[in-house]
Amino acid sequence: ANIVLAGITLDATGAHGDMATGSLSVTLEAVTLAAAATLTDPVSDGEPISLIEARGQCHVDGEEHDATLDHLRKAARSFVEAYTGLTLRPRTIPLRFAAWADVARLPVAPISGVAIHYTDNTDGTATLDPADYDLFVNVYESGIDLLTPAPTLGKGRAPITVQVSAGFTPSTVPLHVKQAILLLIGQWFDNPSAIVNGPAAG
């Protein structure tokens, strides 16, 4: 016999009872939980704010607004990236430079690694040996110091390409940055038509 109680299905055999007293004795073969599935996030896509966090910020239950929230969490991340200059999800970014002096400060952070390619004086493509440069990194600033004489560059407006491995993982994004993204998601969700013109007050 199956007994359903508060969302839990008991698959029972050997049930017997006393109708006069209303007592029931059950020998259980198996217990199957039939409660609603626990809410889980989709496979991580590297975004600093998960869909579940976005739902929680907007006090949303269920999946009805998932498409909107997914758009808002990505838009908010992009907005904060543009405002701060930080890269908030892992990615590879090609940076182009006109001269070796320009690589002393890289315009993205944080950085975990680089590969440097350039057009040489024969107009061929060459790769700079990692032993010939030093990559310095902190959370908000990074750059490249050449340790040997700079190679002669070929023609072109931007003959140097620095392939940068950049970005936080979701677990390493600073808390104040995550909070800024959450506040934007909540504001845009609650005020989908809100437009602010002019400079921010204060």
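Two strands are taken as paired where DSSP finds at least two bridges between them. In this predicted model, strand S5 (residues 111-119) meets that criterion with strand S6 (residues 125-127), the two being joined by 3 bridges in an antiparallel arrangement. S5 and S6 together form a hairpin in which 5 residues lie between the strands. Within the turn, Asp123 adopts a positive phi of about 65 degrees. Across the pair, Tyr118 is placed opposite Ala126 of S6.

Strand S5 also pairs with strand S9 (residues 160-166), again running antiparallel, through 7 bridges. In this pairing, His117 faces Thr161 of S9. In a regular strand, side chains alternate between the two faces of the sheet.

The largest nonpolar core comprises 20 residues, of which Leu69, Leu88, Val177, Ile181 and Ile185 touch the most other members. Helices H1 (51-57), H2 (66-84) and H3 (175-190) each contribute at least two residues to this core. The largest share, 6 residues, is supplied by H3. When neighbours within four places in sequence are set aside, Val177 is in contact with Val80, Leu86 and Leu88.

A further core, of 19 residues, lies apart from the one described above. Its members include Val103, Ile111, Tyr133 and Val162.

Note on methods
Residues numbered from 1 in each chain as written. Predicted model: local features only at pLDDT ≥ 70, side-chain atom pairs only at ≥ 80, totals over all residues. Heavy atoms only, no water. Helix = DSSP H or I, 4+ residues; strand = E, 2+ residues; numbered from the N terminus. Core = buried A, V, L, I, M, F, W, Y, C linked by side-chain atoms within 4.5 Å. Buried < 20%, exposed > 50% of the residue type's maximum accessible area, 1.4 Å probe, protein only. Contact = heavy atoms within 4.5 Å.
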